[in-house]
Amino acid sequence: MANRLFKVITRRQHNGTSENEMVVDPDSQPYGMMGVINPALARPRNNRSKKPTPQQARKWQESIENVLSDPKGRAFFHKFLQNEYASENLDFWNSVKELKKNNPSGERLKKDVRQIHEQYLRDSAENLINVNNRLKGAIKDCLDDPGLEIFDEAQRVVYGLMKEGAYQRFIEESH
């Protein structure tokens, strides 16, 4: 997936003044008879490519941090996690990150914390993450007076699960 190379093909219009660059997957054989580009197999470069660039792919292979800090990397990793039935881990990690970024306080903090708890940590949660009962209980005990750090340990556990498990498989599958 990530290491496939792409060709950049520059076409000039009949008058030779305007350029139209295309990114082409070399495996798709974009050239039809007589060397004419098959437009169905070539994408305009200015469109957001669905595939990562070779530079992005190399960067993602260096660390999970590089995947999570790149919006396209997160999207590819999320899709991979969906196929593994484990996307709730990244969703939880993102929810906690967003909670901290928004820095709510008072009743808003309580509401946001309860929402994350209900979605990911409650025993019958729709997107239950894999953390131990001791940690779930400690978080539940703090719901009435939460701080922004309430999910820190659970976030570390989920990050570790992703880093040591799914991320390794994500990289292996990318080769």
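Let me begin with confidence, as it bears on how the rest should be read. The mean pLDDT of the protein chain is 80, and 71% of its residues reach 70 or more. Residues 1-47 are another matter, for over this stretch the pLDDT is below 50, even though the model gives the stretch 74 contacts beyond near neighbours in sequence. Where pLDDT is low, the predicted coordinates should not be read in detail.

Now to the overall architecture. The protein chain contains seven helices and three strands, and if you follow the chain from the N terminus, the order of elements is β-β-β-α-α-α-α-α-α-α. There are 175 residues in the protein chain, and 38% of them count as buried. If we take the contacts between residues at least 6 apart in sequence, 50% of them join residues at least 24 apart. The accessible surface comes to about 11100 Å² for the protein chain, and carbon and sulfur atoms account for 48% of that.

What holds the centre of our attention next is the largest nonpolar core, which has 34 residues, and in which Phe77, Phe92, Leu121, Phe151, Met162 and Phe170 touch the most other members. Two or more residues of this core come from each of α2 (64-69), α3 (71-83), α4 (87-102), α5 (106-120), α6 (133-141) and α7 (152-174). Which of the elements gives the most to this core? That is α7, with eight residues.

Glu88 is 40 residues away from Leu128 along the chain, and yet their C-alpha atoms are separated by 7.1 Å.

Let me turn to how the helices pack. Two packed helices are described by the angle between their axes and the distance between the axes. For α4 and α5, the axes come within 11 Å and cross at roughly 175°, and that angle makes α4 roughly antiparallel to α5. On the α4 side the contact is made by Glu88, Asp91, Phe92, Ser95, Val96 and Leu99, and on the α5 side by Leu109, Asp112, Val113, Ile116 and Tyr120.

The pair α3 and α4 has its axes 7 Å apart, at an angle of about 140°, and these two helices are therefore oblique to each other, given that roughly antiparallel would need an angle over 145 degrees. Here α3 brings Arg74, Phe77, His78, Leu81 and Gln82 to the contact, while α4 brings Ser87, Leu90, Asp91, Asn94 and Lys97.

Two loop residues deserve a check of their backbone. Most residues other than glycine have a negative phi, and most peptide bonds are trans. Tyr85, in the loop between α3 and α4, has a positive phi of about 55° although it is not a glycine, and Tyr85 is exposed, with a relative accessible area of 72%. Asn103, which sits in the loop between α4 and α5, likewise has a positive phi, near 50°.

Finally, a word on helix α1, residues 54-62, where we find Lys59. Lys59 counts as partly exposed at 43% relative accessibility. Lys59 and Asp70 are 11 residues apart in sequence, and their C-alpha atoms are 9.6 Å apart in space.

How values were computed: Residues are numbered from 1 along each chain as its sequence is written. This is a predicted model: local features need pLDDT of at least 70, side-chain atom pairs count only at pLDDT 80 or more; totals for chains, interfaces and linings use all residues. Side-chain values use heavy atoms; hydrogens and water are left out. Helices (H or I, at least four residues) and strands (E, at least two) are DSSP runs, numbered from the N terminus. Buried means under 20% relative accessible area, exposed over 50%, partly exposed in between (1.4 Å probe, protein chains only). Contact means heavy atoms within 4.5 Å. Accessible areas come from the Shrake-Rupley method with a 1.4 Å probe; for residues, only the protein chains shown count as cover. A nonpolar core is a set of buried Ala, Val, Leu, Ile, Met, Phe, Trp, Tyr and Cys residues joined through side-chain atoms within 4.5 Å. pLDDT is the predictor's confidence in each residue, from 0 to 100. Axes are lines fitted to C-alpha atoms, for helices over the stretch in contact, and angles run from 0 to 180 degrees between N-to-C directions. Angles under 35 degrees count as roughly parallel, over 145 as roughly antiparallel, 65 to 115 as roughly perpendicular and the rest as oblique.
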